[in-house]
Amino acid sequence: MSLFLMVLCVLSAPPPPANLLRNGGFEGAVSAQGVPASWDLYAGASSTTHLAASTLARSGKQSLLISDHDPATEIGVSQVGVLPPDAKFLKASVWVHAAQGGRGAAGFLQLRFLPSQQLVQTSLVGGPDKWDQCATWSAVPAGSTGFEVFLYTHTETLGDTLVDTLVDDAEVVALSDISTMITGLKSGDLSLFPPPPVTKLRDLHLDTAIVRDGKPSAIVVVPADGRFDALARDLVESIRKLTGATLPIRHDRDLPLPLPQNTIVLGCRSTNDLISRLYDLHYTYLDDKYPGPGGLRRPLASRPLRQRPQRPLRRRERRRRPAPRGRRVHPPRIGIG
Ligand SMILES: [Ca+2]
């Protein structure tokens with residue numbers, strides 16, 4: 001019986017998705033510039049950058065060495081592929097190893113969708129003793145017909161461009177089943193699950209009084225750790241120049257609920273205790289992911305559990321928002337630079 005069940009399980013297992021890359025194993029002859037068949041050269045204009053076949057392979061007979069000893073230039077390979085019509089998600093991956101006697105493994109794996117040029121990318125990380133898999137994932141943007149993959153070094157960080165990176169078994173697979181994709185995600189990677197968009201704005205109470213009759217009618221609340229102190233001082237100074245009134249600055253943990261007066265709160269639930277308490281009361285959802293990743297946070301908590309109504313002055317508040325904290329990407333230039 002157990003054998004029968006095992007056979008059933010084997011028969012019901014879905015086949016692995018096909019690799020959409022050609023020659024992902026970097027096998028066979030390479031060009032005079034070290035470029036394997038089916039791949040294109042990216043950048044590589046410097047005499048201290050080069051590509052080469054390496055016999056230290058994860059599979060087959062060879063891998064690809066991406067060697068970059070020039071902090072001012074880049075080098076890599078790229079390949080364009082066609083998207084299957086039913087592709088909902090793409091996963092791009094490659095195995096990485098630091099070349100023996102080299103300067104360490106680094107660089108980037110970038111996946112771009114065509115024609116939109118929307119991209120995701122991840123760092124190439126690998127040690128000198130074993131192969132490590134690096135992967136990035138993305139939902140397929142609407143209208144996509146193809147993709148382009150880059151394995152490359154970048155000029156921006158000195159330490160990232162003095163590298164001898166081996167890559168092997170590059171793969172791009174299309175997935176139409178979200179459960180398969182979720183199974184492969186690293187814990188905590190929510191990049192494929194953007195927050196639902198804000199489609200209807202609440203009443204933002206843009207006429208809320210912050211100064212009345214030349215006197216402060218609101219306070220500015222910042223985290224006690226000082227991270228937004230400079231922003232708060234800048235905000236208060238800007239309001240003072242406009243109105244002559246200097247708004248008091250208070251710390252988040254010093255404010256009781258209900259709030260005693262109109263309040264401008266800087267931060268989100270992760271950084272400001274006052275917003276965290278309002279968040280827990282379902283008053284306002286401002287966190288690291290919502291209403292938008294890396295930004296679009298409303299610094300004004302409009303009428304949050306306020307004790308008494310305030311007569312509006314009908315002066316528009318000046319709005320500020322923290323700088324976006326989104327990760328920085330390095331889209332490569334196309335062609336030989
Ligand atoms: Ca190989």
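A: This is a predicted model. A general idea comes first: in soluble globular proteins, nonpolar side chains tend to be buried together. In this structure, the largest nonpolar core has 43 residues. Those with the most contacts inside it are L64, V94, V96, L151, V167 and V172.

Q: Which strands each supply at least two residues of this core?

A: They are β1 (40-43), β3 (63-68), β4 (75-82), β5 (89-98), β6 (108-114), β8 (132-139), β9 (146-152) and β10 (163-175). The largest share, 8 residues, comes from β10. As an example, V167 is in contact with S63, L64, I66, V94, W95, V96 and L151, if neighbours within four places in sequence are left aside. Apart from this core lies another, of 19 residues, including A232, I275, L278 and L286.

Q: In what order do the strands of the open sheet of 5 strands lie?

A: The order is β2-β3-β10-β5-β8, and the pairing is antiparallel. Strands β2 (49-54) and β8 stand at the edges with a single partner strand each, so one side of each is left without a neighbour in the sheet. From one strand to the next, the twist averages 30°. Strands β2 and β3 run antiparallel and are joined by 6 bridges; A53 has L64 in β3 as its bridge partner.

Q: Is the pairing parallel or antiparallel in the open sheet of 3 strands?

A: There the pairing is parallel, and the order is β14-β13-β15. The edges are β14 (249-251) and β15 (262-265), each with a single partner strand, so one side of each lacks a neighbour in the sheet. On average, neighbouring strands of this sheet are turned by 35° against each other, direction ignored. Strand β13 (residues 218-222) pairs with β15 over 4 bridges, and I219 has T263 in β15 as its bridge partner. Helix α4 (residues 229-243) packs on this sheet, touching β13 and β14. The direction of α4 makes about 165° with that of β13.

How values were computed
Residues are numbered from 1 along each chain as its sequence is written. This is a predicted model: local features need pLDDT of at least 70, side-chain atom pairs count only at pLDDT 80 or more; totals for chains, interfaces and linings use all residues. Two strands pair if DSSP finds at least two bridges between them. Axes are lines fitted to C-alpha atoms, for helices over the stretch in contact, and angles run from 0 to 180 degrees between N-to-C directions. Two residues are in contact if their C-beta atoms, placed from the backbone, lie within 7 Å. A nonpolar core is a set of buried Ala, Val, Leu, Ile, Met, Phe, Trp, Tyr and Cys residues joined through C-beta atoms within 7 Å. A residue is buried if 20 or more other C-beta atoms lie within 10 Å of its own, exposed if 12 or fewer, and partly exposed in between; C-beta atoms are placed from the backbone.
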